[in-house]
Amino acid sequence: MQQVHAKKFLGQHFLTDLTVARNIAETAYKGQSDEVQSTKEKIRVLEIGPGMGVLTQFLLKDPNIQLTAIEIDRESVAYLKEWYPELHLIQGDFLKLDLNIIYPDGEFNVIGNYPYNISSQIFFKVLEYKDRIPVCSGMIQKEVAERIASKPGKKAYGILSVLLQAYYDIEYLFTVHEHVFNPPPKVKSAVIRMTRNKRRQLDCDEELFKTVVKTAFNQRRKQMRNSLRGLIEISPQPSPEGNGEKEERLEWFLTRRPEQLSVDEFIELTKLINNQLVKS
């Protein structure tokens, strides 16, 4: 069988363990199979970077799935066309594609063995289509998976944690060791599943929310009095007692480090900052 040569600049590490591949493929949807069977409609699944089709072969066999795959590597595209001629395959860069062209309407799930070097960018793009992507799952670097799933107060908790958990419930499913890849990566991998939560929109300015989160974590070791100074006018010392309730609450936030705040608290902080901006 013709092989595809792993390309370092594309971050390719081909999974060789079929049991692991089958287990990953089974994460393509959650809690939707009964609905699919009742409506007799298939779940549309978009696979990113199928490579030599180790996940693809299982996804194609699933009667509940209507599969489309996006692959940037020409050698992989040629391989997939030869071995999986039934696959609806698009050659292109996922990060540059308008997914509304692929799916003009309705929902679709996303799955993949994501290239480690662009996994964060992939998840940020998923967020752009969050109201149309109920489930996103797949394999990424273990460190990134831990970061995404991390809870407040943990060292791994950061920008990705807050922005993704604002809209998705995150499950860290299992760890994948280096020896099941060709070539083996230098780090361990992990499989996660993100399921859209019930929060249709944030109770704040969503663009400002992203700015607040990113700005706060740019100086994650410092109190937010220091990191947020570029967003609003903040005195270098805590304000005296006797201010209004909102001012006192904002003062409380300013004495915290960003890793201490939950998603809901970041939403509240964003509302308080927006209130200050409106005043000024």
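Modeller: Before we start, please keep in mind that this is a predicted model. One term is needed first: a residue counts as buried when its relative accessible area is under 20%, and as exposed when that area is over 50%.

Biologist: Is Thr27 buried or exposed?

Modeller: Thr27 sits in the loop that links α1 and α2. Its relative accessibility is 4%, and because the limit for the class is under 20%, Thr27 counts as buried.

Biologist: Which strands stand at the edges of the open sheet?

Modeller: The sheet has seven strands with mixed pairing, in the order β4-β3-β2-β5-β6-β9-β7. Two of these strands have a single partner each, so one side of each is left without a neighbour in the sheet. They are β4 and β7.

Biologist: Which residue of β6 stands opposite Ile111?

Modeller: Strands β5, residues 109-113, and β6, residues 135-141, pair in the parallel sense over four bridges. Thr27 touches Ile111 and, among others, the residue in question. The residue of β6 opposite Ile111 is Ser137.

Biologist: What angle does the direction of helix α1 make with that of β7?

Modeller: Helix α1, residues 18-25, packs on the sheet and touches β5, β6, β7 and β9. Its direction makes an angle with that of β7 of about 170°.

Definitions and conventions:
Residues are numbered from 1 along each chain as its sequence is written. This is a predicted model: local features need pLDDT of at least 70, side-chain atom pairs count only at pLDDT 80 or more; totals for chains, interfaces and linings use all residues. Side-chain values use heavy atoms; hydrogens and water are left out. Two strands pair if DSSP finds at least two bridges between them. Helices (H or I, at least four residues) and strands (E, at least two) are DSSP runs, numbered from the N terminus. Contact means heavy atoms within 4.5 Å. Axes are lines fitted to C-alpha atoms, for helices over the stretch in contact, and angles run from 0 to 180 degrees between N-to-C directions. Buried means under 20% relative accessible area, exposed over 50%, partly exposed in between (1.4 Å probe, protein chains only). Lists of a residue's contacts leave out its neighbours within four places in sequence.
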